[in-house]
Amino acid sequence: MNHLTIYQDNYTNATVISNRFIDEYMKAANDAQLKIYLYLIRMMSAGLSTSVSEIADVFNYTEKDVLRALKYWEQNQLLSLDYDENRNLTGLHLRDLNPAVPAAAAVPENATAPPVQAPGCVVPISSHPTVPNAPAEEENAYAKPNYTTEQLKAFKSDEATSRLLFIAEQYLKKTLSASEIKSILFISDRLGFSEDLIDHLIQYCVGRGKKDLRYIEKVAINWAQEGIITPKQASGYAHKYDKTVYDIMKALGRTSMPTQAEISYITRWTKEFDFEFDIISAACERTVLATDKHRFEYADSILSSWHKAGIHHRNEIKTLDNHFRQTKAAKTFTSNKFNQFKQNSYNFDELEKELLSN
């Protein structure tokens, strides 16, 4: 099929999208996140301003949907959000996706800060390159801020938040401490989880016997990294995740959240080796009996050898074991067969005398 040449009649009224956005970010984003980001680019290109409520009206979303999408792009460092002292959104900056500019071309030291507007006003949109040596909090989109007492009070005073905290206390069967409330504030504020998703998150963790807010935070960050924004998405992801990761963790005697290195091992076994759980489970059983340390590495050595041997079903493992034992026995016999006869000791001087006398 011939290549198609694409022509455009008007080059003056256009919105330019970075190739890097298409190559690196577009695939992972959901429909709402894509629409809102492209709309922001379009408004910026036209030198216009917009607001959360206006974006919600344009796409028939709720304002919470819009805020979650904005926070998703903030987590991916494609934009940064500005807040006033009461944590009201006042502005955003779209980041330049082109390679970092030289230091001489960086933002001038006398550059003015974006205007702070009252809640409910339009959200100004501007674009600037990433400033070198940005604060660590900007570099880590999942860093937990040091919330002030005033921010905590404002969070607790919200009617919807009060209901959510009450539900959380029912699940956890205790009164939440200030630190635990800050954890829920972090999940809501920084990760952009809706009330329904936080409710589902706590149910999910408590249902697995995990009531520590630090553990719940880790699960929330993992969901955020996967782009989960609804309880339905979380349920589907959790089901898939449980069947592959947590069963293997349990088989290896692990009860903690898997580390990234452990996830890499599991992905290798399930994706690269394409092993079903029954084969992985057999390797885990042998690992647990053999060692208390470095179990993932030990299991990986077993599964790597099985993959190299072409194992596809668990019943083939027994055949491989029998072959291994036979090979080992044959090697042992070969190495010892010359040592199985009684050794004679000769007195060569006496033997020589006897031969000469004859």
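**Note on a predicted model: loops, helix packing and cysteines**

1. His294 sits in the loop that links helix 13 (277-290) to helix 14 (295-308). Helices are DSSP runs of H or I with at least four residues, strands are E runs of at least two, and both are numbered from the N terminus. His294 is not a glycine, yet its phi is positive, about 50°. The residue counts as exposed, at 57% relative accessibility. Here exposed means over 50% relative accessible area, buried under 20%, and partly exposed in between (1.4 Å probe, protein chains only).

2. This is a predicted model; local features need pLDDT of at least 70 and side-chain atom pairs pLDDT 80 or more, while totals for chains, interfaces and linings use all residues. Residues are numbered from 1 along each chain as its sequence is written, and side-chain values use heavy atoms, leaving out hydrogens and water.

3. Gln77 also has a positive phi without being a glycine, at about 65°. Its place is the loop between helix 4 (63-75) and strand 1 (79-83). Gln77 is partly exposed, with 36% relative accessible area. Most residues other than glycine have a negative phi.

4. Which way do helix 8 and helix 10 run relative to each other? They are roughly parallel, a label for angles under 35 degrees. Helix 8 (residues 178-189) packs on helix 10 (residues 213-225) at about 5°, and the axes lie 10 Å apart. Axes are lines fitted to C-alpha atoms over the stretch in contact, with angles from 0 to 180 degrees between N-to-C directions.

5. Now the residues at that packing. Helix 8 supplies Glu180, Ser183, Ile184, Phe186 and Ile187; helix 10 supplies Leu213, Ile216, Glu217, Ala220 and Ile221. Contact means heavy atoms within 4.5 Å. By class there are 7 nonpolar, 1 polar and 2 charged residues. Nonpolar covers Ala, Val, Leu, Ile, Met, Phe, Trp, Tyr, Cys and Pro; charged covers Asp, Glu, Lys and Arg; the others, Gly among them, are polar.

6. On cysteines: the whole structure has 0 disulfides, a disulfide being two cysteine sulfur atoms within 2.5 Å. Cys205 is buried at 0% relative accessible area. Cys284 is buried too, at 1%.

7. Overall, the protein chain has 16 helices and 3 strands. Of its 358 residues, 36% are buried. Among contacts between residues at least 6 apart in sequence, 63% join residues at least 24 apart. The accessible surface is about 23,200 Å², with 52% from carbon and sulfur atoms (Shrake-Rupley, 1.4 Å probe).

How values were computed
Parallel < 35°, antiparallel > 145°, perpendicular 65-115°, else oblique.
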